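Hi,

Here is the structure I promised to pass on.

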Amino acid sequence: MSSADSDAVLKRLGLQALNPGAFSGTRGWSSATDAALLNVRNPASGLLLAQVRPASVQDYEHVVSSAAAAAAAWREVPAPRRGEAVRLLGEELRRHKSDLGTLVSLENGKILAEGLGEVQEMIDIADFAVGQSRMLYGLTMHSERPQHRMSEQWHPLGVVGIITAFNFPVAVWSWNAFLGAICGNACVWKPSPKTPLSALAVQHLCNRVVEDNKLPPIFQLFIDAGTELATRFVDDRRIALISFTGSTEVGRRVGERVAARLGKSLLELGGNNAVIVDETANLDLAVPAIVFGAVGTAGQRCTTTRRVFAHRAIATELERRLAHAYSQVRIGDPLEAGTLMGPLIDRLAVERYQAAVSSARSSGGELLYGGHVLDRPGNFVEPTIIRASNDWPIVQTETFAPLLYVIPVESLAAAIAEQNASAHGLSSALFTDRLQNAETFLSAAGSDCGIANINLGTSGAEIGGAFGGEKDTGGGRESGSDAWKAYMRRQTNTVNWSRALPLAQGIEFKVES
């Protein structure tokens, strides 16, 4: 895509004047000019896409105070009407899917099919949230006291803070923002400084829906080029919930800081995901699933397949097939038809890829495919397969790159034990044609991950199921199922409709009235 074409995409998304770093509904885009401009580059070419002015401290304060006021108004709006607002935003996303998906690919480097898929995921969660807005159910319980009624209901938290990572620059925001909105909250977004343009484009769509329908400014945004405002955000008692997506290292610090003020946090952190291939597996299914899981988004997903435990009976054939499939992966411009893998996000990611390959090989790893940085403009590397041992430190490290470790095993029990030895617990998969093995993997004694699949890979979760993982993945759940409860507070109600005052547990406590 030429610079003129990319400029046209930005213009159609409302980004022809790219200097705002914060948006609040009462004042619009910030006009502050004291912060240095943030350069946003295309990772496939290194060329400058645009410049963005980060928010100031004053911008941040205005955004949060405005969001708090919006939340106070929004909580009074009936939940089905809140769902209607999300439906209208979903329609805006449908109208702009092509341009927004293209912008995601331009800025992030994922192939166009994945960029468009990310926007489709936003549309899907919008549809899900609209339905959920009529199903914010509480329970009724039987009281032990006569003529008493017990129930629980759910109320909005207030302001939800959303911190997203570069690898899914818009979809993860929508998981949180759309459910947060139908639950009655205002949402403040701090996107990754590596992918601010996609966030700004989405904010423009939000502004349009809010203004056209005279809604409170429930979707707001600020861009932080460093960590100063992000730290203020995490520590801010006005932010009832911080939803953080990113590395375990940073997420642990976020969780500790939020806990110190007794706030709520929702953490979606790293993954060191594994696929187990047993001796009965259909390799025609396993190979493409592993390749997509390991190579999709150039290995920069939290659900990326990083380890493959192959039963020794099929390990050699699986390695041969994987190497053959990798040789067919076309690497290049993510917007070109036929490209299957784009670039890494920046030069630091390339350096981490090189260091990981070097570490694995120095530990005794056998290079089965790839292992090199490509000599061309942009941050391109080869997808890489290394035969390895699960106990090597580098294998137990999440490297955000297309780096796959193949580990031969003797049995399903050994594979499950080695899979679960990871500090992370996000996504997992087993390929098998044996029912007993499938049920073992899904049992309490099987995979310890938040996601466990049979005969499909670790990557590409649907929005209908709650997304998240255990251990160093943080324990959070977003998107489908009952994940909406994270954005609300539970209240238990008891109504005494009798003429007496019996106490629970049969306690007698009498005083003269």
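How far is the sulfur of Cys-183 from the closest cysteine sulfur, and which residue holds that sulfur? Bear in mind that this is a predicted model. The partner is Cys-187, and its sulfur is 9.3 Å away, too far for a bond. A disulfide would need the two sulfur atoms within 2.5 Å. Cys-206 is in no disulfide either, with the sulfur of Cys-187 again the nearest, at 9.3 Å. In the whole model the count of disulfides is zero. As for where these cysteines sit, Cys-183 counts as buried because its relative accessibility is 0%, under the 20% cut-off. Cys-206 is buried too, at 1% relative accessible area.

The largest pocket holds about 1,300 Å³ of space. It is lined by 41 residues, and the closest to its centre are Phe-244, Thr-245, Gly-246, Ser-247 and Val-250. Helix α9 (248–260) is among the elements that supply at least two lining residues, along with α8 (228–235), β10 (241–245) and α12 (347–362). The largest share, six residues, comes from α9. Sorted by type, the lining of this pocket has 17 nonpolar, 15 polar and nine charged residues.

The second largest pocket has about 310 Å³ of space. Its lining counts 20 residues, and those nearest the centre are Glu-121, Phe-168, Arg-301, Gly-460 and Ala-461. Two or more lining residues come from each of α5 (112–132) and α6 (171–182), and α5 gives the largest share, four residues.

Is His-148 buried or exposed? At 12% relative accessibility it counts as buried, because the cut-off for that is under 20%. A polar atom of the His-148 side chain lies 2.7 Å from the backbone oxygen of Pro-146. Leaving aside residues up to four places away in sequence, His-148 touches Ser-143, Pro-502 and a run of neighbours made up of Thr-494, Val-495, Asn-496, Trp-497 and Ser-498.

That's what I have for now.

Cheers

Terms used. Residues are numbered from 1 along each chain as its sequence is written. This is a predicted model: local features need pLDDT of at least 70, side-chain atom pairs count only at pLDDT 80 or more; totals for chains, interfaces and linings use all residues. Side-chain values use heavy atoms; hydrogens and water are left out. On a 1 Å grid over the protein atoms alone, a cavity is a set of points where a 1.4 Å probe fits but cannot get out, and a pocket is an open set with protein on both sides within 12 Å along at least five of seven lines; lining residues have an atom within 4 Å of a point. Grid points are joined across faces, edges and corners, and a volume is the space filled by probe spheres set on the points. Ala, Val, Leu, Ile, Met, Phe, Trp, Tyr, Cys and Pro count as nonpolar, Asp, Glu, Lys and Arg as charged, and the others, Gly among them, as polar. Buried means under 20% relative accessible area, exposed over 50%, partly exposed in between (1.4 Å probe, protein chains only). A polar contact is a pair of N or O atoms within 3.5 Å; within protein, one must be able to donate a hydrogen and the other to accept it, and residues adjacent in sequence count only if both atoms are side-chain atoms. Contact means heavy atoms within 4.5 Å.
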